[in-house]
Amino acid sequence: MNERDLDFQLIQRIQNGEQQAFTLLVRKYQNRVANILTRYVRNSGDIADVTQEVFIKVHKSLPSFRGDSAFYTWLYRITVNTAKNYLTSQSRRPPASDIDAVEADSYDGSEALKEADSPESILRSEEIKQVIMNTIDQLPAELKAAITLRELEGMSYDEIAKIEDCPIGTVRSRIFRARDAIDKQLAPLLEE
Amino acid sequence: MKETNEQLSSLIDNENIDSKSLDALINDKQQQAVFSRYQLMGDVMRNENAINIDISEQVMAEIAKQPTLETVTPIIANEPTPIKADNNVIAFVKRFGQYAIAASVAGVVVMTSFMTSQPVVENSGIEVLNTVPFGGGASPVSLQASQKLSKQALQDRHERLEALLKDHQLQLQVQQ
């Protein structure tokens, strides 16, 4: 984890007693943690509770986090251990194999949840996905390329600038404009 | 607002993180909401079936309930535990301790006199390990081993030793 990393900056602040910085780590990773948990926790009603337990454990352990590995790798391990403890408490066996941290990001846990989830929440999730994907689809080509290279390929601004043959400032602006366009559609939906 | 959000966008991507924008983000709920939505966009793009939950407020409320590190009293190893002088249990233990020490001393005296009065057991000649137990008097361990056999063995050893000495004296005479 390098010093330019947002996670590193936030962890340093938390370790220095700035507790409010932890809310950003929760906001950043809560959906990814919930998605990993769907592999273990079949009852959708428990997903939020177990996710909360994960972050409370993370908060307790943060003073001893030294940054030898990436924060997400560390968080992933805590998530899997918490999920296994949850299954043990429910007298259920954990799955025979674990998925790794990279696979976890693309793991489709929604199918497992659909059986137990309420129709309203399923409808809402579908609506959110549609709004995001439809807006991306309608973006000008250069904005679509910039946001895709950043979010899907994980490229840095410098790398995107080389590929798109434009200054870094332009990349920064294009990525922001793409996000801003999606946000204009997404914000009213989430505030309902 | 637009400029702030552009800074927020690059901050999410680990580009251009300055402490001023980070301070603003940490302390501004509105910016945090934008941060969450930007994050959600990425999650959905990477995985169309990504789950969308917001538990940040519940987590922070739960953390606030828990004791902070500052309130934990450190345990100092060298600090002696104060003992109340008027405690009846401690007084009893103290008196009992005195009796216990006296009994131990008496036991050691009896044991020593018992050991000195025991007949000296002949050493088997093995220098490596003394198998005679504390308090004197060894009993045979093996059912097949008998006192007669050990005396025989001793005699054999004496005979071998005498033979070796005689041989040595003969060699000395030859050398002279």
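This is a predicted model: local features need pLDDT of at least 70, side-chain atom pairs count only at pLDDT 80 or more; totals for chains, interfaces and linings use all residues.
Chain A has ten helices and zero strands. Of its 192 residues, 48% are buried. Among contacts in chain A with a separation of 6 or more, 58% are between residues 24 or more positions apart.

Chain B has six helices and zero strands, and its elements run α-α-α-α-α-α from the N terminus on. Buried residues account for 20% of the 176 residues in this chain. When contacts in chain B between residues at least 6 apart in sequence are taken, 31% of them join residues at least 24 apart.

The next topic is the interface. The size of an interface is often given as the accessible area lost when the parts come together. For chain A and chain B this buried area is about 5400 Å², with 61% of it on carbon and sulfur atoms. Arg27(A), Asn31(A) and Phe176(A) supply 14% of the area that chain A buries against chain B, more than any other three residues. In terms of contact, 60 residues from chain A and 49 residues from chain B take part.

The polar side of the interface can be counted as well. Between chain A and chain B there are five salt bridges, and 16 residue pairs are in polar contact across the interface, both residues being at pLDDT 80 or more. Which elements of chain A give two or more residues to the side that touches chain B? They are α1, α2, α3 (44-61), α5 (101-106), α6 (110-114), α7 (119-138), α8 (141-151) and α10 (168-191) of chain A. Helix α10(A) gives the most, with twelve residues. Sorted by class, the side of chain A that touches chain B has 26 nonpolar, 16 polar and 18 charged residues.

One salt bridge can be followed in detail. The side chains of Arg46(B) and Glu151(A) meet in it, at 2.9 Å from N to O. Glu151(A) lies in helix α8 of chain A. Is Glu151(A) buried or exposed? Glu151(A) has a relative accessible area of 8%; the cut-off for a buried residue is under 20%, so Glu151(A) counts as buried. The side chain of Glu151(A) is also joined to that of Arg179(A) by a polar contact of 2.9 Å. Apart from neighbours within four places in sequence, Glu151(A) is in contact with Arg179(A), Tyr38(B), Gly42(B), Met45(B) and Arg46(B).

The last stop is helix α2 of chain B, residues 19-27. In this helix Ser21(B), Leu22(B), Leu25(B) and Ile26(B) are buried. Seen down the axis of α2(B), these buried residues fall within an arc of 135 degrees, and therefore line one face of the helix. The face of α2(B) turned away from the buried side carries the exposed residues Lys20(B) and Asn27(B). What do the buried residues of α2(B) pack against? In chain A they pack against α1 (6-15) and α2 (22-37), and in chain B against α1 (2-12) and α3 (29-46). The helices α1 and α2 of chain A are also among the elements listed above for the side of chain A that touches chain B.

Methods
Residues are numbered from 1 along each chain as its sequence is written. Chains are lettered from A and ligands numbered from 1 in the order in which they are written. Side-chain values use heavy atoms; hydrogens and water are left out. Buried means under 20% relative accessible area, exposed over 50%, partly exposed in between (1.4 Å probe, protein chains only). Helices (H or I, at least four residues) and strands (E, at least two) are DSSP runs, numbered from the N terminus. The arc is that of the directions from the helix axis to the C-beta atoms. Contact means heavy atoms within 4.5 Å. Buried area is the accessible area (1.4 Å probe) that two parts lose on being put together, summed over both. A salt bridge is a side-chain nitrogen of Lys or Arg within 4 Å of a carboxyl oxygen of Asp or Glu. A polar contact is a pair of N or O atoms within 3.5 Å; within protein, one must be able to donate a hydrogen and the other to accept it, and residues adjacent in sequence count only if both atoms are side-chain atoms. Ala, Val, Leu, Ile, Met, Phe, Trp, Tyr, Cys and Pro count as nonpolar, Asp, Glu, Lys and Arg as charged, and the others, Gly among them, as polar.
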